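Visitor: I would like to go through this protein with you. Please show me the sequence and the structure.

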Amino acid sequence: TEFNLEQNYPNPFNPVTNIEYYVPENSRIEIGIYNVLGQKIMVLTDGLKTAGTHEIQFDGSELNSGLYYYQLKTAGYTISKKMLLLK
């Protein structure tokens, strides 16, 4: 009954990881990737999603090793998680 953002797997990853999230009702969402300075470096998805569980694959092959954040944002809800890219 609530938006949910799961921990990515595998974590740490090199260079591909999966991000799973749950949307309780049809909603416009955005999932973005941020560096440790809080700067948005990529948008994985932005748009209307149907209710249910969704999975998206993130390829970090163009990024340096390090800590990154991914964030699910809706009109009234935001949740963030950490992930570690090791090359």
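Visitor: Why is Leu 37 called exposed?

Guide: Leu 37 has a relative accessible area of 69%. Exposed means over 50%, buried means under 20%, and partly exposed lies in between, with a 1.4 Å probe and protein chains only. So Leu 37 counts as exposed. One caution on the origin: this is a predicted model, where local features need pLDDT of at least 70, side-chain atom pairs count only at pLDDT 80 or more, and totals for chains, interfaces and linings use all residues. Residues are numbered from 1 along each chain as its sequence is written, and side-chain values use heavy atoms, with hydrogens and water left out.

Visitor: Where is Leu 37 found?

Guide: Leu 37 is in the loop between strand E3 (27–34) and strand E4 (40–49). Strands are DSSP runs of at least two residues (E), helices of at least four (H or I), numbered from the N terminus.

Visitor: What makes the nonpolar surface patch?

Guide: Val 36, Leu 37, Leu 67, Leu 84 and Leu 86 make a patch of about 450 Å². Nonpolar side chains (Val, Leu, Ile, Met, Phe, Trp, Tyr) are joined within 5 Å, like charges within 9 Å. Areas come from the Shrake-Rupley method with a 1.4 Å probe; for residues, only the protein chains shown count as cover.

Visitor: What is the secondary structure of the protein?

Guide: It comes to zero helices and seven strands. Along the sequence the pattern reads β-β-β-β-β-β-β.

Visitor: What is the strand order in the open sheet of three strands?

Guide: The order is E1-E2-E5, with antiparallel pairing. Strand E1 (4–5) and strand E5 (52–59) stand at the edges, each with a single partner strand, so one side of each lacks a neighbour in the sheet.

Visitor: How do you know that E1 and E2 pair?

Guide: Two strands pair if DSSP finds at least two bridges between them. E1 and E2 have two, in the antiparallel sense. Asn 4 stands opposite Tyr 22 in E2.

Visitor: How many bridges join strand E2 and E5?

Guide: Strand E2 (residues 16–23) and E5 pair over eight bridges, again antiparallel. In E5, Phe 58 is the bridge partner of Thr 17, and Gly 52 is that of Val 23.

Visitor: Why is Ser 80 called partly exposed?

Guide: Its relative accessibility is 41%, so Ser 80 counts as partly exposed. Ser 80 sits in strand E7 (residues 78–85).

Visitor: Which residues does Ser 80 touch?

Guide: Leu 5, Tyr 70 and Gln 71, not counting residues up to four places away in sequence. Contact means heavy atoms within 4.5 Å. In strand E6 (residues 66–73) lies Gly 66. With that sequence exclusion, Gly 66 touches Met 83, Leu 84 and Leu 85.

Visitor: How do you know that the radius of gyration agrees with a compact globule?

Guide: The globule rule is 2.2 Å times the number of residues to the power 0.38, and the radius is taken over C-alpha atoms. For 87 residues a compact globule would be near 12 Å; the protein has 13 Å, which agrees. The C-alpha atoms fill a box of roughly 35 × 25 × 15 Å along the principal axes.

Visitor: What share of the residues is buried?

Guide: Buried residues make up 38% of the 87 residues.

Key. Patches are made of residues with over 30% relative accessible area and no salt bridge: like charges are joined within 9 Å, nonpolar side chains (Val, Leu, Ile, Met, Phe, Trp, Tyr) within 5 Å. A salt bridge is a side-chain nitrogen of Lys or Arg within 4 Å of a carboxyl oxygen of Asp or Glu.
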